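Here is a short report on how two chains meet. Look at the structure first, then read on.

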Amino acid sequence: MASLKELRGRIASVKQTQKITSAMKLVAASKLKRAQEQAEAARPFAERMANMLTNLAIGMAGAENAPPLLAGRGQQQVVLMIVATADRGLCGGFNSSIVRGAKRRIAELLAAGKQVKILCVGRKGRDQLRREYGSLIVETMEGVGRTRLTYGEALAIARRVERMFEAGEFDRCEIVYNRFKSAITQILTFHQLIPVEVPAAAEAAGPAEAAAVYEFEPDEESILKELLPRNLAVQIYGALTENAASEQGARMTAMDSATRNAGDMIHRLTLTYNRTRQAQITRELIEIISGAEAL
Amino acid sequence: MADGNRPDKVAFELVAPERVLASELVDMVVCPGADGDFGVLPEHSLLMSLLRPGVIEVYQGSQVTARIFVAGGFAEVNPQGCTVLAEEAMPVAELDAARARQRLQDAKDELGETKEELDRARCEREIAIAEAMLAASGAAAA
């Protein structure tokens, strides 16, 4: 049985920890609200751009000179995985669920005889992938969205990716991140960025429906040439904002249960402490009484 | 042809990646298209256009109610309205000539230093944006 002094020390230390976790929970909650708003604010642009892109893609369907960002290179030998995680831990299973999903996907691709390159956004992803797939990591970006994620940061990543694509370093690009559903639920999501996935409904609609009536100025090709890199940036921005909201949500939930666990622990320790104290008092009394009787 | 509820206003939307900047019903919008400015009135035919860096003018009646600078972007026009996607946009009144000049200088400096194709293209675009900014802010001051 631990001594009273030790127990007191432990209770004090758990109380400190609880204070920290509950503070972290509050901070995460307020950051979550902001991140969620940001993710929502980013949606209209992405939606409208997807809309435009669909119309354009229908117009270009079957065209031989479709840009490679849209149509691909006709081969998919080298795949670039963008693994978007957080820079910081203490957010429950957030990072590991992404990394686990990414590892599974990488193993699949490798088994299919493809070559894989990894671009890590966020330190935690790199830390966890390094041991197994260290040689595949081509680049790591840290500190993205440290204070507040901006479109500019997403744009910088998109430029980097675009440049790699232009240089022929990969044929297909996928991003893996957690889509925000609620503070408790995040959905691991794979999304193909290059070549662009045209929504199936649009393909079904056929070229006759939409593209024929649109007038393009100057022409489809020039618009696509401008639109595709932007689209890439917007998709990355969207994924990162979702990820940021998910991170805060996961952290909030994790810190909430940590605070509760600390509460339980304090309760148990206090019980033991009191029991030990009482036992000691009883023992001392017995010693005094039996000492008095012996006289 | 008349379908009873013909729109008599243009639903104008200006959307930036980080948020929706404007969403209102107006009488006319004039956009700086890549092939020249175009005006959007209600029931405009379907059009998709690139925008060059320049100023979007929003009309209520015959009055210009807003002048917004965009650093390029895309416009999608349909009979109901006009949607502009712009990465960078701000009211002309908030343009700062000094900052635009600085930006122009920076871009020119960078253009002088870089060799890579993509960087050069980006610098040239920056220069075009900064020049358009200067022109717009000059017009606002005059």
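## Where chain B meets chain A

Strand E6 of chain A (residues 215-217) pairs with E5(B) in the parallel sense, over three bridges. Within this pairing, A:Glu217 stands opposite B:Ser49 of E5(B). The model is a predicted one.

How many residues are in contact across the two chains? On chain B there are 30, and they touch 29 residues of chain A. The area buried between the two chains is about 2800 Å². Carbon and sulfur atoms give 62% of that area. Three residues of chain B stand out: B:Glu18, B:Met48 and B:Phe74 supply 26% of the area that chain B buries against chain A, more than any other three residues.

Polar links also cross the interface. Eight residue pairs are in polar contact, both residues at pLDDT 80 or more. The rule also finds three salt bridges between chain B and chain A. One of them joins the side chains of B:Arg125 and A:Glu226, at 3.1 Å from N to O.

Which elements give two or more residues to the side of chain B that touches chain A? They are listed here.

| Element of chain B | Residues |
|---|---|
| Strand E1 | 10-15 |
| Strand E4 | 36-40 |
| Strand E5 | 47-60 |
| Strand E6 | 63-78 |
| Strand E7 | 81-86 |
| Helix H2 | 117-141 |

By residue class, this side of chain B divides into 16 nonpolar, ten charged and four polar residues.

Terms used
Residues are numbered from 1 along each chain as its sequence is written. Chains are lettered from A and ligands numbered from 1 in the order in which they are written. This is a predicted model: local features need pLDDT of at least 70, side-chain atom pairs count only at pLDDT 80 or more; totals for chains, interfaces and linings use all residues. Side-chain values use heavy atoms; hydrogens and water are left out. Contact means heavy atoms within 4.5 Å. Buried area is the accessible area (1.4 Å probe) that two parts lose on being put together, summed over both. A salt bridge is a side-chain nitrogen of Lys or Arg within 4 Å of a carboxyl oxygen of Asp or Glu. A polar contact is a pair of N or O atoms within 3.5 Å; within protein, one must be able to donate a hydrogen and the other to accept it, and residues adjacent in sequence count only if both atoms are side-chain atoms. Helices (H or I, at least four residues) and strands (E, at least two) are DSSP runs, numbered from the N terminus. Ala, Val, Leu, Ile, Met, Phe, Trp, Tyr, Cys and Pro count as nonpolar, Asp, Glu, Lys and Arg as charged, and the others, Gly among them, as polar. Two strands pair if DSSP finds at least two bridges between them.
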